[in-house]
Amino acid sequence: METSHGMSSADGGYEVVAAEHLPAKVGQKVEVRGWLYNRRSSGKLHFLEVRDGTSIVQAVAYGPDLEKTHPGLFEKLGALPQESSLIIRGAVKASPKQALGVEIGLEAAEIVAVAEPYPITKKEHSPEFLLERRHLWIRSKMQHATLRIRARIIKAIRDFFDERGFLCVDSPIFTPSACEGTTDLFEVDYLEDTKAYLSQSGQLYAEASAMAFGKVYCFGPTFRAEKSKTRRHLREFWMVEPEMAYATLDDVMVLMEELIVFIVAAVLKDRRPELAVLERDVKKLEAIQRPFPRLHYSDAVELLKKKGLPFEWGGDFGAPDEATISGEYDRPVLVHRFPAAIKAFYAKRDPQDDRLALGCDCLAPEGYGEIIGGGERATDIAFLEKMIAEHKLPKEAFEWYLDLRRYGSVPHAGFGLGVERTTAWICGTHHVRECIPYPRMLYRIVP
RNA sequence: UCCCUGAUAGCUCAAUGGUAGAGCAUCCGGCUGUUAACCGGAGGGUUGUAGGUUCGAGUCCUACUCGGGGAGCCA
């Protein structure tokens with residue numbers, strides 16, 4: 001019999017079942033393959049918490065009974081170190097005290113590998129200790145919950161765009177030069193005598209893809225070599241970047257709202273147990289409905305001044321500014337029409353006010369800061385050539401990009417959403433480093 | 001790059017300038033319903049590195065190394 005693990009059941013009569021599906025198997029004989037998560041014992045009883053990757057199930061072994069059928073096994077189970085791998089077999093029965101709602105009455109067990117003393121214990125550990133052992137840390141409950149929610153967010157993002165007629169057209173990771181030239185890039189050797197840079201944004205390519213396919217998105221890792229050292233920064237993170245031909249700033253602002261509402265709804269629908277593990281206040285997520293508040297940059301500046309922050313028109317928002325603005329609302333806020341001087345060279349100017357760019361940032365609630373940045377792109381080639389010169393960018397490197405304006409330029413717009421920041425907000429996680437399986441951080445690339 | 005902060009048992013932490021301690025983990029023993037299970041016992045240390053002050057330094061001073069938090073920039 002084929003199983004979800006791709007292995008056939010070794011013992012007739014026991015169906016191999018993923019722990020998460022055990023509640024539907026009450027009264028049946030099952031086999032669970034996993035690792036010993038924790039054990040409690042009271043002499044003739046062992047309570048074995050076994051995790052199989054999908055969930056954790058408690059198996060109860062009664063010494064005298066087990067001794068009759070499998071002599072010596074009970075004692076071995078009582079001495080089995082945490083994270084030893086084992087296969088358990090037994091009958092599923094309802095157990096309201098268990099988080100899963102069921103437990104297994106142990107009838108047989110196979111110890112696959114006895115683990116060495118496991119470094120991550122039930123007590124607290126420092127971030128340094130855990131990050132050093134990220135490859136083991138991801139076995140624990142909260143990391144499991146966070147990464148399962150992250151995976152659901154990623155699926156929601158793809159479903160959202162696929163269902164709305166966007167084509168997935170990925171941008172390259174090796175790029176010949178800076179996309180924006182404003183931030184530091186990771187330089188790598190690209191075979192002989194050639195340097196390449198790891199992508200810090202797929203956007204310029206997404207614009208080309210949009211001119212080819214209309215509505216597109218790219219989704220991949222992004223690399224920033226800035227020496228940022230905060231709970232909102234990673235060297236390597238994932239970003240989805242939709243781009244639409246014949247679209248305006250207003251169109252992408254609606255798209256931002258719809259995407260975020262869609263993601264939150266998907267997590268609320270399918271990841272309630274994980275949110276509970278993380279002790280997330282679900283009411284705050286349930287409040288995430290359209291429409292989101294919209295704030296003109298100049299109004300945001302007024303708000304900050306009214307709140308007593310030393311902010312001058314023309315500047316970019318710092319972390320305290322973002323927190324103050326988003327603190328006014330119970331859902332993400334869209335701040336639009338920033339000064340062009342603080343935005344990228346390709347941003348389209350506001351026809352109503354030439355000092356402004358038709359851009360929009362989405363600030364997550366509860367102080368999680370910017371999760372989206374985007375806007376409408378400049379269409380006029382002469383304007384772009386002027387901006388490239390002003391930003392002191394090498395024009396040759398952008399000739400292909402200027403071709404998009406030479407051959408059928410159209411109004412278009414798009415944005416980028418950061419997966420880890422979104423995950424941190426939805427999970428209520430303090431630091432984005434827990435929102436990616438293997439974080440790449442300033443001064444830490446291990447494991 | 002700048003500011004703040006930390007490094008003591010495997011882990012998390014304590015110790016007025018005067019014999020280095022606890023909880024957990026580990027090992028041994030006990031317990032039929034545990035939920036970070038609990039109870040009893042045992043082993044476990046060149047106090048990050050180098051130098052200095054002192055009769056005496058985990059503690060005070062200097063430098064270095066490696067972390068953590070934050071700023072700027074950004075998603």
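The model is predicted. Chain A has 447 residues, and 51% of them count as buried. Its secondary structure comes to 14 helices and 19 strands. Along the principal axes, the C-alpha atoms fill a box of roughly 85 × 55 × 40 Å.

Chain A divides into two domains: domain 1 covers residues 15-113, and domain 2 covers residues 132-435. Their centres, taken over C-alpha atoms, are separated by 45 Å. Nine residues of domain 1 and five residues of domain 2 make the contact. The size of an interface is often given as the accessible area lost when the parts come together. Here the two domains bury about 530 Å² between them. Carbon and sulfur atoms account for 42% of that area. On the side of domain 1, Tyr 37, Arg 51 and Gly 53 lose the most area to domain 2. Together these residues supply 56% of what that side buries.

Polar and charged groups also bridge the two domains. Three residue pairs are in polar contact across the interface, with both residues at pLDDT 80 or more. Two salt bridges are found across the interface of domain 1 and domain 2. On the side of domain 1 that touches domain 2, the elements giving two or more residues are strand 2 (29-41) and strand 3 (45-51).

The count for salt bridges comes to 34. One of them pairs Glu 20 with Arg 148. Their closest N and O atoms are 3.4 Å apart. This pair links distant parts of the chain. Glu 20 sits in the loop between strand 1 (15-16) and strand 2, whereas Arg 148 belongs to helix 5 (residues 141-163). The two residues are 128 residues apart. Glu 20 has a relative accessible area of 35%, so this residue is partly exposed.

A salt bridge also joins Glu 107 and Lys 29, with the closest N and O atoms 3.0 Å apart. Glu 107 lies in strand 6 (residues 102-113) and Lys 29 in strand 2, so the pair ties together parts that are 78 residues apart in sequence. Glu 107 is partly exposed, with a relative accessible area of 25%. Lys 29 also counts as partly exposed, because its relative accessibility is 40%.

The salt bridge between Arg 405 and Glu 207 has an N to O distance of 2.9 Å. Arg 405 is in helix 13 and Glu 207 is in helix 6 (residues 203-213). The pair links parts of the chain that are 198 residues apart. Both Arg 405 and Glu 207 are buried. A network of salt bridges links Glu 385, Lys 395, Glu 399, Asp 403 and Arg 406.

Helix 12 spans residues 381-390, and its buried residues are Phe 383, Leu 384, Met 387 and Ile 388. These four lie on the same side of helix 12, because they cover an arc of only 135° around the axis. The buried residues of helix 12 pack against strand 15 (349-350) and helix 13 (399-406). Asp 380 caps the N-terminal end of helix 12. A side-chain oxygen of Asp 380 lies 3.4 Å from the backbone nitrogen of Ala 382. Just after helix 12, Lys 392 takes a positive phi of about 55°.

A further site is found in domain 1, which covers residues 15-113. Ser 95 lies in the loop between strand 5 (85-94) and strand 6. The relative accessibility of Ser 95 is 10%, so this residue counts as buried. Leaving aside residues up to four places away in sequence, Ser 95 touches Gly 101, Val 102 and Glu 103.

Notes. Residues are numbered from 1 along each chain as its sequence is written. Chains are lettered from A and ligands numbered from 1 in the order in which they are written. This is a predicted model: local features need pLDDT of at least 70, side-chain atom pairs count only at pLDDT 80 or more; totals for chains, interfaces and linings use all residues. Side-chain values use heavy atoms; hydrogens and water are left out. Buried means under 20% relative accessible area, exposed over 50%, partly exposed in between (1.4 Å probe, protein chains only). The arc is that of the directions from the helix axis to the C-beta atoms. Contact means heavy atoms within 4.5 Å. A polar contact is a pair of N or O atoms within 3.5 Å; within protein, one must be able to donate a hydrogen and the other to accept it, and residues adjacent in sequence count only if both atoms are side-chain atoms. Domain bounds come from an automatic or database domain assignment. Buried area is the accessible area (1.4 Å probe) that two parts lose on being put together, summed over both. A salt bridge is a side-chain nitrogen of Lys or Arg within 4 Å of a carboxyl oxygen of Asp or Glu.
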